[in-house]
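These are my notebook entries on one structure, kept in the order in which I looked things up.

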Amino acid sequence: MKHVLKILTLLVAISAFWIGLLETSVIPRSNAWLLPIYFVVSLGCYGLLMVGIGLMQFPTCPHEALLLQQDIIEAKDFLMQKGVDVGSS
């Protein structure tokens with residue numbers, strides 16, 4: 001619910017800013033209709049940037065990798081006991 005309120009607050013603020021720009025004639029009305037498009041494109045670029053940064057900073061977990069390998073070995077042993085061929089590696 002907190003995220004919904006943040007998003008709604010942001011949309012209201014941007015709408016108020018846009019309407020304020022239209023009313024004060026800071027930018028020509030012929031260009032004003034492009035502002036929402038610029039906003040959506042900017043939001044998309046920001047989202048891609050955050051995903052890229054998240055991927056670059058993705059933490060490695062060597063301890064968890066060892067635990068996962070142990071779980072895989074245990075699962076293979078269990079399946080071999082049941083008669084399932086899981087391969088040699």
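Before judging any single residue, I set down the cut-off I am using: a residue is exposed when its relative accessible area is over 50%, and buried when that area is under 20%. I also note that the model is predicted.

Entry on D85. I looked up where D85 sits and found it in the segment after α4. Its relative accessibility is 73%, which is over the 50% cut-off, and therefore I record D85 as exposed. I then took the C-alpha separation between D85 and I14, two residues that are 71 apart along the chain, and it came to 60 Å.

Entry on α4. This helix covers residues 62-81, 20 residues in total, and I computed a reach of 29 Å from its first C-alpha to its last, which is close to the expected 28 Å. After α4 comes G83, for which I noted a positive phi, near 90°.

Entry on the largest pocket. Its space is about 180 Å³, and as its lining I listed L11, I14, S15, F17, W18, L21, L35, P36 and F39. Asking which elements give two or more residues to this lining, I found α1 and α3, the latter spanning 35-56. The largest share of the lining, 6 residues, comes from α1.

I found a nonpolar patch of about 440 Å², made by V4, L5, I7, L8 and L11. Of these I checked the place of I7, which is in helix α1, residues 2-24. I also wrote down that L11 belongs to this patch and is listed in the lining of the largest pocket.

Technical notes. Residues are numbered from 1 along each chain as its sequence is written. This is a predicted model: local features need pLDDT of at least 70, side-chain atom pairs count only at pLDDT 80 or more; totals for chains, interfaces and linings use all residues. Side-chain values use heavy atoms; hydrogens and water are left out. Helices (H or I, at least four residues) and strands (E, at least two) are DSSP runs, numbered from the N terminus. The expected span of a helix is 1.5 Å times one less than its number of residues. Patches are made of residues with over 30% relative accessible area and no salt bridge: like charges are joined within 9 Å, nonpolar side chains (Val, Leu, Ile, Met, Phe, Trp, Tyr) within 5 Å. Accessible areas come from the Shrake-Rupley method with a 1.4 Å probe; for residues, only the protein chains shown count as cover. A salt bridge is a side-chain nitrogen of Lys or Arg within 4 Å of a carboxyl oxygen of Asp or Glu. Buried means under 20% relative accessible area, exposed over 50%, partly exposed in between (1.4 Å probe, protein chains only). On a 1 Å grid over the protein atoms alone, a cavity is a set of points where a 1.4 Å probe fits but cannot get out, and a pocket is an open set with protein on both sides within 12 Å along at least five of seven lines; lining residues have an atom within 4 Å of a point. Grid points are joined across faces, edges and corners, and a volume is the space filled by probe spheres set on the points.
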